[in-house]
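The questions below go through selected parts of a protein model.

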Amino acid sequence: MNARRISASADMDAGQVGTSARRVGGVERVSGRQKFVADIRLENMLHVKLVGVDCARARIISVDTTGAAGVDGVRAVITAADLPTPMPRFGPVYQDRPVLAVGETKFHGEPVAAVAAETQEAAEAAAALVRVEYAELPAVLSVAAAADPAAPLVQDPGLRPASHLAETNVLQEWQFGWGDVAAAASEHVVENTYRFPMVTHFAIEPHGFIAAPDGDGVRIWSSIQHPYALQSAIARVLALPLSKVRVFAPDPGGAFGGKQHAKFEPLLAFLALRTGRAVRLVLTLEETFQAGRRTAFEIRARTGFSADGVIEFQDIECDGLLGAYADIGARVVSKATYLACGPYRVPDARIRVRALLSHTPPATAFRGFGTPQVCWAIESQMDEAARRLGIDRLEIRLRNLARKGERVVRGDKPADGDWAQSVRRAAEWIGWGTPLPPGRGRGIAVGIKGSATTGASYAIARLHADASLTVLAGTSDMGQGARTVLAQIAAQELCLPLHRISVVMGDTATVPFDLQTSASRSTVFMGTAVQRACAEIRSKLAQLAEEAFSLAAGEATVQDGVVRLPTKDLTIAGLLDEVFGDVRGEVIGVGSLRGEKAAGHPLGGPPAFYEFNCTAVEVEVDRETGELAIARHITVGDVGKALNPAQVESQDEGAAIMGLGHTLMEHLIFDSRGRIQNLGALDYRIPTSKDVPLELRADVLENADGPGPFGSKGSGEGGLLVIAPAVAAAVTEACGVTIRDLPLTAERIWRALAEQR
Amino acid sequence: MRPFGYQRPERLADAVQLLAEHGPAARVLAGGTDLIVGMRLGKYAPRLIIDLKRIADLPAGIEESPSGLAVTATTVMAGITGDERVRRRFPALAEAAQTVGSLQIRHRATLAGNVCNASPAADTVPALLLYGAVVVTAGPDGDRRIPLRQFILGPRLTALRAGELVRAIELPWPDAGSGSAFVRLTRRRGVDLATISLCCSVSPAGEVRFSFGAVAPVPFLVSDDSGALVDPAADPATRDQVLAGLSARASPISDLRAGADYRRAMLVVLSRRALRTALRRRKAGDP
Amino acid sequence: MSEPMPVSLTVNGTPVTVTVAPGRTLLDALRWQLDLTGSKECCAQGECGACTVLLDGRVVNSCLVLAVEADGREVITIEGLAVDGRLSAVQDAFLAAGAVQCGFCIPGMVMSAHYLLADNPRPTPSEIREALSGNLCRCGGYNRIVSAVLAAAEAGRA
């Protein structure tokens, strides 16, 4: 007998986990072949244009669509009157958002009517002819206004009858904490108010949606991050079973949280059923800004320190300003403030939080999910304490940083990384403590963000007769490279070359359920699901081998891509050939990971992991103009294992630049009537290629201490979390001014310098 | 965009005639970087667009004569930044043109268009003012030559009459041995509109001129012949006083980009910097 | 007066004729009438560069060019860069450098990079940043794109 031994396949690409395998889908993107939702062409597609009113809040008196309906090519003009009564409503937590405004518009950009026409031009011409008679009403546009008991109510109290807050603009309130802050007294108390304004995602791809009837159901295409959540929302508003709602989710062109939840898909679904045709709506960039934003925060922080700079208590009041509809805004506020004490040991804490409604665009998820806003406050507190106490700003952090295994929230998940290591790495690179060139300052800051608390991800892996593989995974690849990482995991698990693996995403009819792509969860949740699916394939292959060669259970194993039998080895392809023959077939593996709700936990459960980041910067201030130059910038993430180092690094670089955007130049400016004045690319400035730091480095720590495949955690949000306080501290060191409102524009710094003189 | 007609005359006379016939219902199109955006926003709704780019007797280009340069109306910003003569003799203009949008924009946007648009923040106007540019128009009653100072009358308002269009912008050679500079303030280092912009020139005899942009309804010129600004022995405080006095003639507004007081303060700061560069170039023998 | 007009132009080396209303942009003509969806729409005002194409050899924002203006002209889009199905050096360099994330800005970026290297085969990083400053990217930090262009320049000299 031939004892043919085969060693692990040497012909694999550099596709293994831990290598920077080339992006799956990269060729399509550089050649222009990648189809984003706006590139999809369906037969007989109608074009949709939305109609709103020119203010934030108005009572709708009447809508006259006759002029619009008369435009050549128009096939439908609908208003609330054309939709079911009561108006169908949707939303990921509260189903408060109407498909079309009924009775009152509540934010500038909320549609009152929709036109569907044969051409975009006809739709726009008709939309301009829709006559809306309305009475403008006073709008609530700020925290102070929302908190005022005399303010008009943003939301109809009838929408949340069980809540004692229904007659207020407080959507929800929480109190987190432990110990006894009231009794806590410290020698040194730092007390300040911090503001983080409204900013917007500005993915380069505006939102796009298509809906079409599909037999007795409906098909939806959307640039959505959460196809299954959208499927549920559509099923609910149309009263259809999930099995009759098919969502296609082409890879989004950037999302950052702004494409997580349903926006106009429900409206399009109704239009599609009404017209019997496919209907398409691609928003302009301006309309995209009006569709969602980051939650603005106002934080009053009172922190007690010992003379040695040890945190003794945190007493925090936080108001998060949501928009007119809840979207996921309440969760943003609660999840971030739950961790408001940061990655530190804090003996006593009291965190009182409110999520307030206002007549502004919905505050939705945005990379960091409230954590950048919270870190802006608490890290700035640390810097001020250090300055007052004469303690080095790096030292004060190391002194308070939780060690691995120590609690950061009493009774909850302890610190799950050697965080100080990241800090020392960043400090060393930035040259902390070395002499500074004149006019410069340095800052260093740390932060943690809690990952997913609950969730479910399923994956199917299909091993074909020729030992190539198709992985079905419902994660959304919006640029972070999920396709690539999942393919790499499968490649590693089954010892297959990367180029023989396909990853199918974005079709709820063929790809199994994934809760969502958010919270940096996909490497852990979907990665594990894929691993398990591959493990099931290995197990089935072993069984097939045992049956085919009349072996006892356990006598066949699959290792390193080789089927090992007592007397010989086979390649996987060889085994499949042997077992299936001409009839062929496939081996299917299913894997899943579920995180169930923990009863009684305020957030539904502890996070799967903490995403920890340390950012350090060196900044130069032009004292005459207030302009900042970021000379050096390092971001260090504790990622457990970088499954694809280049992808992790490029995510972190992107996060760094995005964070510099909200630190230096981004804010949505509203007028007194609630209209955004800097809609679009001209007056909402984001960093360009000329606005990057002179030196930017993204580094990772890999201690294989994460819950995901190969010890990984997730990443992608960390790099954004603490840039603002690091830069602000550097500015203070460089020129002596302390600023507590973002963004740190040149004018703001100049003004602070002038006041200082 | 409202539907409109499109004509592409091949002779300047035909373009003028079309303009005269249709009056304000017609607009000329050169680069389109302002017009198309404005039409999409509903700011402009012409019935007829007259494309200037195929006019045989109005080709893009910079002509040289003993008295100076003439930039035709269809010359794009990239043509200006890339022209050796402009870079050498009119550096403030080359520098200003370089800041107009991105390269994609500079391959389309024209100098004439920037002038006719007459935005208070137009990037090239301060430089053109500094260099004493003259606007040459073509119209039903023939050509006119209008100093730029008298051409821009207010925000978005020029001295063009019905049926007239700009055919060229003339730049008389600066005095040999003068130095000039352009500087501006923006919200980010990348492509941006000017928060403020200004140019400075210093003549061989020590006359200092500034032109200020984005700080008044129309960019304007100020000058100082006291000598204080060029005297190396002058006390910095005196110099700053002179600069403050010149800046005081500006009437900046507060808008999305900046506050009025910040703009005014930055005028002095940037004037100092532009002056330094202009002085250095004068000494070095650059214009 | 505003009736559709025929426009004849060369796109990616192939002569084509499309009938357009005067108000149709070159971007829309490419995307809707020539099925070339590689050029993207984002800001529609010439600020983001997602719609960048080569018009008579120069990079322009196709959202600000009327299709009628392109009559008789030569247009190259992202789809026209690969030769015989093989990626150009610039495209390959973008992939090798990990410069591609969501990919939406990439066609415009690649067009700008391609133009830069044709115009300036040995650009400095600063020149690259200047040349690409009309192309916005929100996913990445621009640095990998700069590295990609440097690598492509290097490959061109090899």
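Q: Which side chain is joined to that of Asp315(A) by a polar contact of 2.8 Å?
A: In this predicted model, side-chain atom pairs count only at pLDDT 80 or more, local features need pLDDT of at least 70, and totals for chains, interfaces and linings use all residues. A polar contact is a pair of N or O atoms within 3.5 Å; within protein, one must be able to donate a hydrogen and the other to accept it, and residues adjacent in sequence count only if both atoms are side-chain atoms. At 2.8 Å, the partner of Asp315(A) is Arg350(A).

Q: Is Asp315(A) buried or exposed?
A: Asp315(A) lies in strand S16 (residues 311–321) of chain A; strands (E, at least two residues) and helices (H or I, at least four) are DSSP runs, numbered from the N terminus. Buried means under 20% relative accessible area, exposed over 50%, partly exposed in between (1.4 Å probe, protein chains only). Because its relative accessibility is 6%, Asp315(A) counts as buried.

Q: Where in chain B is Ala109(B) found?
A: Residues are numbered from 1 along each chain as its sequence is written, chains are lettered from A and ligands numbered from 1 in the order in which they are written, and side-chain values use heavy atoms, with hydrogens and water left out. Ala109(B) has a relative accessible area of 7%, so this residue is buried. Its contacts (heavy atoms within 4.5 Å) beyond four places in sequence include Gly31(B) and Met77(B). Ala109(B) sits in the loop between helix H6 (103–106) and helix H7 (111–117).

Q: What area is buried between domain 1 of chain C and domain 2 of chain C?
A: Chain C is divided into domain 1 (5–80) and domain 2 (89–157), with bounds from an automatic or database domain assignment. The contact takes 16 residues from domain 1 of chain C and 12 residues from domain 2 of chain C. Buried area is the accessible area (1.4 Å probe) that two parts lose on being put together, summed over both. Carbon and sulfur atoms give 69% of the area, which is about 1100 Å².

Q: Which element gives the most to the side of domain 1 of chain C that touches domain 2 of chain C?
A: Across this interface of domain 1 of chain C and domain 2 of chain C, three residue pairs are in polar contact (both at pLDDT 80 or more). The elements that give two or more residues to the domain 1 side are strand S3 (52–55) and strand S4 (58–61) of chain C. The one that gives the most, with three residues, is S3(C).
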